[in-house]
Amino acid sequence: MIEGVYRAAIRRRPRRSVAPGRRPSRGVRSELAACGGAADHGPVRLLEGSPGPSGWRDDPAIKRRLFLIGIPVTLAANTAIAAFLVILLRVPFLQTLLHSQLVGCSILFLNFLGHYLTHRRRIQHWWVSPAALILGAVVGVSLAGPALLRSGVRLLDELLVTGAVVVVFGTAMTYYFHSRGALAGERARAQAERLKHEQAARQLAEAELKLLQAQIEPHFLFNTLSNVLQLVDADPAAAKRMLHNLTGYLRASLRRTRAGPVTLGEELDLVRAYLEIQAVRMGRRLSWRIDCPDELRGLSFPPLLVQPLVENAVRHGLDPQPKGGEVAVAAAVRDGKLVLEVKDDGKGLDPHQPAGIGLANVRERVQAISGGRGTLTLHPLETGGLCARIVLPPEPATPAAPAPGGQP
Amino acid sequence: MRAPTALLADDEPQLRAYLRGALFRLWPELQVIEAGDGPSAVELFETHRPDVAFLDVQMPGMTGLEVARHIAGRCHIVFVTAFEKYAVKAFEHAAADYVLKPVEEERLAATVDRLRTRLLGPPTDLGALLAALTHQRPEKEHLEWLQVQSGKDLLLLAVDEVDLFQASEKYTVVSSGEGEWVIRTPLQELEEQLDPARFWRVHRNAIVRVGAVARVNRGASGQLVVQLRRGGRTVPVSRAYASRFKQM
């Protein structure tokens with residue numbers, strides 16, 4: 001991919017470089033925003049032609065297209081104007097055609113030159129097109145003038161007619177190109193927006209699928225069933241409880257990845273089932289608690305955000321320690337935000353341990369669900385263990401979500 | 001001849017109890033000692049010198065494989081595992097015995113029969129197998145997490161979240177899409193620890209994460225400039241590191 005990006009890069013015009021540590025200038029930033037408004041969400045090249053909030057004039061692809069359309073359209077319009085003048089004023093055709101083309105092409109050329117130069121400097125000026133109109137007319141007349149004067153046209157007539165034509169037709173054509181550009185920009189922006197949405201939705205679906213696969217791993221199932229097998233003889237009631245928890249855990253895992261948001265209470269029930277299974281497995285080595293005020297249990301909550309963090313705490317924090325330890329799950333509202341913490345007093349994080357898929361997956365989904373406003377952070381604790389903290393903004397991006405603390 | 005002794009090492013008490021019960025039915029004269037983690041398994045082995053060891057592969061403290069390395073050649077080893085097939089195959093090749101979880105009593109009976117015969121001879125040397133199994137680790141471990149101070153909070157930052165490391169005198173400024181932090185590790189030291197496949201030095205004072213690069217531009221003076229996806233930051237590539245981009 002880098003290769004493609006690099007190739008795409010060297011095709012582009014040279015850019016001024018910006019020294020490290022210096023913030024890019026405002027112009028650079030607006031252009032960057034324009035060139036890759038959605039760059040964070042996918043391959044840049046896909047979105048390269050899409051304009052950002054600062055409009056289509058920033059977009060080189062649209063400009064190039066307008067320029068290509070502009071040449072034949074201008075030539076045709078010039079011819080039409082010449083024919084119109086010949087019929088109306090009975091002037092000689094060839095000279096008028098030459099004149100008309102010279103004026104029209106000068107305007108076109110100056111217009112694009114002006115836009116090109118201002119674009120290179122990353123500035124936009126409303127006066128570029130009007131200035132090109134006037135300057136182009138002057139240049140065109142001075143080029144064609146001598147030939148016209150020789151053929152007997154009076155200078156005053158010539159200037160009046162050219163002026164009128166330029167004002168009427170020039171303005172009309174400039175307006176035409178501008179609205180075409182704006183329309184193309186609008187379309188590209190809508191396209192980019194749609195792509196961004198589709199990508200976010202796809203990422204979410206993929207993340208959930210991956211999570212489900214990770215969730216019900218055979219190792220976990222075999223271990224749990226081995227325990228049940230033993231308990232059936234030794235402690236039938238405990239075996240029954242364990243099967244009950246396992247069933248609940250599996251059903252909830254399967255259902256949640258298919259359905260939309262659930263409630264925080266349901267998510268914590270899943271966590272509880274998981275912890276009860278692990279507590280039988282690990283015996284005295286595992287202790288746990290879940291603290292959640294009752295009024296928060298009814299909150300709409302994205303599925304399987306807390307459970308992977310608890311699983312991490314148990315598998316990587318506590319299980320590798322011979323003495324085991326405690327995992328504490330707590331939900332609270334702080335500064336109007338929903339905060340979920342999973343703390344353990346396990347062995348902590350080895351700085352060389354690769355970040356698991358589970359964590360990246362939860363982070364991706366927290367961001368996708370909250371529109372980039374939620375966070376997942378990891379903090380080392382004085383006990384040597386870890387605290388994983390999810391902070392979600394007060395209104396999750398799910399329409400059915402009730403406000404914190406209240407029922408719908 | 002004294003009664004044979006077996007060491008059962010498994011961190012899950014229920015499974016240990018189950019195995020003990022099954023062994024009692026199948027091999028009544030067997031003496032059993034139990035350990036709940038790797039280190040105590042080794043310790044118990046040294047004090048009791050059992051003839052057989054049933055080792056769970058995944059145990060806290062030390063894995064069953066690590067325990068086996070300590071006691072290999074001095075005792076008959078049976079791995080108890082919920083592992084996938086390929087691992088089981090490896091055990092088969094090396095003629096070590098294994099039992100799959102959940103343990104089936106019939107399968108365990110076969111193992112017990114084999115063990116009774118084997119006890120008459122010397123234990124199999126598992127050296128080659130254990131070496132092969134422990135060699136599956138990556139040769140070099142890279143730095144994956146950074147500890148940074150964020151206000152009053154300490155924060156662990158996955159290196160894959162970081163877009164750019166920039167030298168600033170003795171310190172290094174770490175930038176991600178979400179913020180900037182200063183750490184005390186010098187850039188040079190970081191470069192040695194980071195995975196060179198994911199992190200590239202582009203300048204005397206900058207390392208970028210390859211995945212964070214949106215594109216590489218050529219500046220007016222011909223100098224290459226890396227542009228990051230998030231925040232649109234740009235970082236110049238010095239001549240010494242430019243060849244890396246040209247080869248692509």
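Two strands count as paired if DSSP finds at least two bridges between them, and strands (E, at least two residues) and helices (H or I, at least four) are DSSP runs numbered from the N terminus. The views below come from a predicted model, where local features need pLDDT of at least 70, side-chain atom pairs count only at pLDDT 80 or more, and totals for chains, interfaces and linings use all residues. Residues are numbered from 1 along each chain as its sequence is written, with chains lettered from A and ligands numbered from 1 in the order in which they are written.

**View 1. A hairpin made by S9(B) and S10(B).** Three residues sit between the two strands. S9 (residues 171–176) and S10 (residues 180–183) of chain B run antiparallel, joined by four bridges. Look for Val173(B), which stands opposite Val182(B) in S10(B).

**View 2. The open five-stranded sheet of chain B.** Reading across, the order is S10-S9-S8-S12-S11, with antiparallel pairing. S10 and S11 (199–203) are the edge strands, each pairing on one side only. From one strand to the next, the twist averages 20° (angles run from 0 to 180 degrees between N-to-C directions, and axes are lines fitted to C-alpha atoms, for helices over the stretch in contact). Further in, S8 (residues 162–168) of chain B pairs with S9(B) in the antiparallel sense over six bridges. Val162(B) has Ser176(B) in S9(B) as its bridge partner.

**View 3. Helices H7(A) and H9(A) pack with a left-handed crossing.** "Left-handed" here says that the near helix is turned anticlockwise from the far one by less than a right angle; clockwise would be right-handed. H7 (residues 218–234) and H9 (residues 264–282) of chain A pack at about 65°, their axes 10 Å apart. Asn223(A), Thr224(A) and Asn227(A) in H7(A) meet Ile277(A), Val280(A) and Arg281(A) in H9(A); a contact takes C-beta atoms, placed from the backbone, within 7 Å.

**View 4. Val208(B) in the largest nonpolar core.** A core is a set of buried Ala, Val, Leu, Ile, Met, Phe, Trp, Tyr and Cys residues joined through C-beta atoms within 7 Å. Buried takes 20 or more other C-beta atoms within 10 Å of a residue's own, exposed 12 or fewer, and partly exposed lies in between, with C-beta atoms placed from the backbone. This core has 69 residues, and Val306(A), Val310(A), Val208(B) and Val226(B) touch the most other members. H9(A) gives the largest share, nine residues. Leaving out residues up to four places away in sequence, Val208(B) touches partners including Trp200(B), Val213(B) and Val235(B).

View 5. Gly36(B) lies between strand S2 (31–35) and helix H2 (38–48) of chain B.

**View 6. Positive phi at Asp335(A) and Arg49(B).** Asp335(A), with phi near 50°, sits in the loop between S4 (325–334) and S5 (337–344) of chain A. Seven other C-beta atoms lie within 10 Å of Asp335(A), so this residue is exposed. Arg49(B), with phi near 45°, is in the loop between H2 and S3 (52–56) of chain B. Arg49(B) is also exposed, with 12 other C-beta atoms within 10 Å.

Methods. Two residues are in contact if their C-beta atoms, placed from the backbone, lie within 7 Å.
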